[in-house]
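These are my notebook entries on a two-chain assembly.

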Amino acid sequence: MKCLRLLPIFLLFLSYEARSADGTAGLEPQLKLALRSDPKTFDPLLVDEEAGETIRYLTGGVLIRYNRATQKLEGELAESWKLSKDGRRVTFVLRPGLRFSDGTPFSVADVVATLRRMMDPAVHSPMGDSFRAAEGPAQVVVERPNQVAIQFPVAVAAVERLFDQIAITSTQSSNKERSVLGPFTVSEYVPGDHILLKRNPNYWRRDERGRSLPYLGSIRFDIQGNRDIELLRFRRGELHMIAGLDAAAFEQLKSERPGVALDGGPSYDNEMLWFNQVAKAPIPQYKKDWFASQVFRRALSGAINRTDIARLVYRGYARPAAGPFSEANRLWFNTKVKPHPYAPEQSLKQLQSAGFRMVGGKLHDSRNNPVEFSLITNSGNKARARIASLLQQDLAKVGVRLNIVPLDFPALIERISRTYEYETCLLGLVNIDPDPNGQMNVWLSSAANHQWNPRQKAPATPWEAEIDRLMRLQAASPSFDKRKASFDRVQEIIAEQVPFVYLVTKHVLSAADPKVKNVAPSSLLPQLLWNAHRLTIATESASR
Amino acid sequence: MRPKLHAAMRRLCACILIATFAAALLASFIAPASYETQFREDPGAGPSAKFLLGTDELGRDRLSRLLYGSRVSLLLAPAAAALAICIGLSLGVMAGCFAGTPARFALGFTDLVASTPSLLLLLFARALLPLNVQPATSVTITFFLLGAVGWTSGVRVFAAAASNANNSDYIRQARALGCPTRRLVFVHIASALLPVAAAQFWVLVPLFLLAEANMGMLGLGVSEPLPSIGNLLAEIQLSPQLWLQPAVLAPAGLLLVVLVSLQGLLTKERAS
């Protein structure tokens, strides 16, 4: 009888153990992931790296949120907002009755204090620069008890997007970093080991059925810098989700556990190469003449088989790239711009029309110099090493000899940004901002990241001058249509002039335990957690 | 082991080594394809009549790459080891046989080189090289650099052995009989150091093969598309499903067979 009396307790213990093992301990499900590094700070206004941005996204409440799926802006703490016709003033109407996670009420004073602190030069907030112009800083004006306006000295394009990163902090709370308006709050942090985020009981958002969000009770991030260990732990079931997989790991997971691997389609990231066009670069003049020739750049671009790169290097999880933005960026991608088709015969004709000729299977220029140059790329990146091998064979078909030189990353950066001692470079472009304004530092001829010829005092070519004009025009215009027209033209000029030879756009590859519901991978940070408030973990009985 | 069996084993090892080195030397003639030819319609193919060891991810014939890679590594790694032994032996003899300034210089110089991070030296050397060098030149320079910085570990062993030999009775007797120093060093002491040098040599060969693979990470190793045992071994790390592509392990197998065969020959020398 005694044994029978103990049986329910034993069964209860067993059930608790079983639930703990799949991460759904108690009633509140816990999501487990890995974070590549410790966040440098929990102060949302000082965050400038990926780990910190992920935590800020999950804990911070912002006035306007950029929806990673619809690519539209949505009001969060602001019930509505209005942009003045001249593009210089944004007025926010705040959502009433909101509270911070510690229970202190949210008011217009919190917005004013946060924005003023962010604009304070002494704080050195990375977002602050966007709110300061030569004419002076932006002014924050309280119009009504629930209405606040930000007046900019000059018109700023896509100004609303800036507010996606500004998490509002409390003026009243004693612990400002832990008192938040986002779906989660930092509950525990053991440096180098883990961060535990718990559900914010005062989070304002409700689902369609009126249930309070988020569904998850907590999110545990284990600090795990090693990607192989992260993958191993995911395969063992110790982690629920993993983002940023390479094609080989993705295929492996796909073959092992169908339904786990998630192909999110084209990302915002491109692989590309460019020719060194810096006038003072220590390379022979005849090579500078080749690289400065639009016909040469366009012909070599046409000699590259992008489909093979996507198929052989990325196992089909990539597609030929056309320009700086992929079709994943629905707002800004110019659909008229297509990837250069693979046509080596056509390329050879173009080169011959520019004075090049084939001698014994090798291409020579008009001064009889054999067309041979080096391609530098960062060592240790197997995908780029393979791309380089494919490029080598493709270009050999038009008589061009390519020497591949993998360099350690610091040496490569030194060459492309300071000494300019290189001929061509193969690298990737990671787009963290879907707005063209995020690429001003690439396209302006005076910019440091204008890689083929950086820091120009005056545009070296008429088409670069035109890109400068169009980029400035779009940056100053409050009208989306005008901005779109300008940037469409920029994309067309890039496709015509080929300063960057865009190769492929990688897919967003990730994996999630099928028990995790509502997963929708995005190319933008935080890839799998952008809708964390809607993620849930199905219990064993429910998943069956 | 019985002498007859031992002799048979030694012959077998010799045959394997001769066959391997001959295959490596004749790679241009016996390889089914060039090491760089990409059969893009057959990427990651398994072993077949067309590709005996299958193809890699870019569709390059694994057997051809292994043969060419063996030529690069199996010839250049011993050459680099020989260079390292020559430098180490010279300084070891200087330290062990010539007391005073020469010994202090030899050991001090060794300590200086040993305490300098070789990575730094290699990076410095890479910075001095032009970008447009042929892969064959690049690989020769790579192994030369390995030999030029990888000699320090053996110097103290050589110095101790040279000192022992120098103080031995037969050297003293030779010296007393008026044997010239040059003959003492190059004939009598050198013969005493040969077994030590041989042991060091066989330690350095696999070490340099692996170092070459690691140097690829710095852009100093054998660059694409030229294969080497090192960069073929590195491919194993990038093949998550080895059981589906066992041919990826062929370079490791070849390296193992070569090293075991070399050891087999060395064991005989020691026994005799």
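Entry 1, the interface. I looked up the area buried between chain B and chain A in this predicted model. The value is about 2,600 Å², and carbon and sulfur atoms give 46% of that area. I then asked which three residues supply more than any others of the area that chain B buries against chain A. They are B:Arg40, B:Glu57 and B:Leu131, which together supply 28% of that area. For the contact itself, I noted 35 residues from chain A and 27 residues from chain B.

I counted five salt bridges between chain B and chain A. One salt bridge joins the side chains of B:Glu41 and A:Arg311, at 3.7 Å from N to O. On the side of chain B that touches chain A, helix α5 (residues 118-128) of chain B contributes the largest share, three residues.

I next looked up a nonpolar patch on the surface of chain B. The patch is formed by B:Leu25, B:Leu26, B:Phe29, B:Ile30 and B:Leu75, and together these residues have about 500 Å² of accessible area. Of this group I followed up B:Ile30, which I located in helix α2 (residues 27-30) of chain B. I recorded a relative accessible area of 47% for B:Ile30, so this residue is classed as partly exposed.

Conventions:
Residues are numbered from 1 along each chain as its sequence is written. Chains are lettered from A and ligands numbered from 1 in the order in which they are written. This is a predicted model: local features need pLDDT of at least 70, side-chain atom pairs count only at pLDDT 80 or more; totals for chains, interfaces and linings use all residues. Side-chain values use heavy atoms; hydrogens and water are left out. Patches are made of residues with over 30% relative accessible area and no salt bridge: like charges are joined within 9 Å, nonpolar side chains (Val, Leu, Ile, Met, Phe, Trp, Tyr) within 5 Å. Accessible areas come from the Shrake-Rupley method with a 1.4 Å probe; for residues, only the protein chains shown count as cover. A salt bridge is a side-chain nitrogen of Lys or Arg within 4 Å of a carboxyl oxygen of Asp or Glu. Helices (H or I, at least four residues) and strands (E, at least two) are DSSP runs, numbered from the N terminus. Buried means under 20% relative accessible area, exposed over 50%, partly exposed in between (1.4 Å probe, protein chains only). Contact means heavy atoms within 4.5 Å. Buried area is the accessible area (1.4 Å probe) that two parts lose on being put together, summed over both.
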